[in-house]
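User: I would like to learn how to read the main features of a model like this one. Please take them in turn, with the general idea before the case.

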Amino acid sequence: MNLETSREIAERERIEGELRKSLEQLRALAARLQLVREEERTLVAREMHDELGQVCTAIKMDLALIGRKTLRDRLRSGPRLTRPIQLVNQMIFTLRRIASELRPRTLDDLGLTAALEWHAQEFESRTGIRCVVALAAGTACP
């Protein structure tokens, strides 16, 4: 009887060890997936900001140049150029907002504390709801 019980205990301990090992592997995998996601978000945000932002700015500059070409042309085309310039401005604003929501530059440049404070300010300005970031004393976020 004791031999059988000892075998059962040993088997259960072996299985528990395997479960712990599997759990550790799953945690490591989840952490790695989160890291990869953050890296991808950073890349997409930078590409959007840099590449698409430059194209929008170039379009805006070209439209402004066309609008200034001549007085006669400006009087004819001015109203038709105002709307595309407004659309480009709106697109630039939207690109910056999306890129910032994907991965705020503040996070990389100034750290988590500054990014949290920035997000709180953005939330407050969008909603009108007062928002305060309070961190535990001695808490430092790189």
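User: How many helices and how many strands does the protein have?

Analyst: The protein has four helices and zero strands. Read from the N terminus, the order of elements is α-α-α-α. Keep in mind that this is a predicted model. Helix H1 spans residues 2-68, helix H2 covers 71-102, helix H3 runs over 105-110, and helix H4 takes in 112-127.

User: What share of the contacts links residues 24 or more positions apart?

Analyst: Among contacts with a separation of 6 or more, 61% are between residues 24 or more positions apart.

User: What share of the residues counts as buried, and how much accessible surface is there?

Analyst: Of the 142 residues, 15% count as buried. The accessible surface is about 11500 Å², and carbon and sulfur atoms hold 59% of that area.

User: How do I read burial for a single residue? Take Thr42: is Thr42 buried or exposed?

Analyst: The cut-off for buried is under 20% relative accessible area. Thr42, a residue of helix H1, has a value of 12% and therefore counts as buried.

User: Which residues is Thr42 in contact with, beyond its neighbours within four places in sequence?

Analyst: With those neighbours set aside, the contacts of Thr42 are Arg103 and Asp108.

User: How far apart are Met61 and Val88 in sequence and in space?

Analyst: The two are 27 residues apart along the chain, with 10.0 Å between their C-alpha atoms.

User: Which residues does Arg14 pair with?

Analyst: One partner is Glu11, with 2.4 Å between the closest N and O atoms. The other pairing is with Glu18, at 2.3 Å from N to O.

User: Why can these pairs be read from positions along the helix?

Analyst: Arg14 and Glu11 are three residues apart in helix H1, so about one helical turn separates them. Glu18 and Arg14 are four residues apart in helix H1, which again means a separation of about one helical turn.

User: Are Arg14, Glu11 and Glu18 buried, exposed or partly exposed?

Analyst: Arg14 is partly exposed at 41% relative accessible area. Glu11 is partly exposed at 35%, and Glu18 is partly exposed at 42%.

User: Which residue does Arg20 pair with?

Analyst: Arg20 forms a salt bridge with Glu16, and their closest N and O atoms are 3.8 Å apart. The two are four residues apart in helix H1, so the separation is about one helical turn. Glu16 is partly exposed, with a relative accessibility of 44%. As for shared partners, salt bridges join Glu11, Arg14 and Glu18 into one network.

User: Last, pockets. What is the idea, and what is the volume of the largest pocket?

Analyst: A probe the size of a water molecule, rolled over the atoms, shows where empty space remains. The largest pocket contains about 260 Å³ of space.

User: Which residues line the largest pocket, and which elements supply them?

Analyst: The lining consists of Phe93, Arg96, Arg97, Ser100, Glu101, Trp118, His119, Glu122, Phe123 and Arg126. Helix H2 and helix H4 are the elements that give two or more residues to this lining. By class, the lining has five charged, three nonpolar and two polar residues.

User: How should I read the second largest pocket, and what is its volume?

Analyst: The second largest pocket has a volume of about 160 Å³. Its lining has 13 residues, with Ala99, Ser100, Arg103, Pro104 and Arg105 nearest the centre. The classes here are five charged, four polar and four nonpolar.

Methods:
Residues are numbered from 1 along each chain as its sequence is written. This is a predicted model: local features need pLDDT of at least 70, side-chain atom pairs count only at pLDDT 80 or more; totals for chains, interfaces and linings use all residues. Side-chain values use heavy atoms; hydrogens and water are left out. On a 1 Å grid over the protein atoms alone, a cavity is a set of points where a 1.4 Å probe fits but cannot get out, and a pocket is an open set with protein on both sides within 12 Å along at least five of seven lines; lining residues have an atom within 4 Å of a point. Grid points are joined across faces, edges and corners, and a volume is the space filled by probe spheres set on the points. Ala, Val, Leu, Ile, Met, Phe, Trp, Tyr, Cys and Pro count as nonpolar, Asp, Glu, Lys and Arg as charged, and the others, Gly among them, as polar. Buried means under 20% relative accessible area, exposed over 50%, partly exposed in between (1.4 Å probe, protein chains only). Contact means heavy atoms within 4.5 Å. Accessible areas come from the Shrake-Rupley method with a 1.4 Å probe; for residues, only the protein chains shown count as cover. A salt bridge is a side-chain nitrogen of Lys or Arg within 4 Å of a carboxyl oxygen of Asp or Glu.
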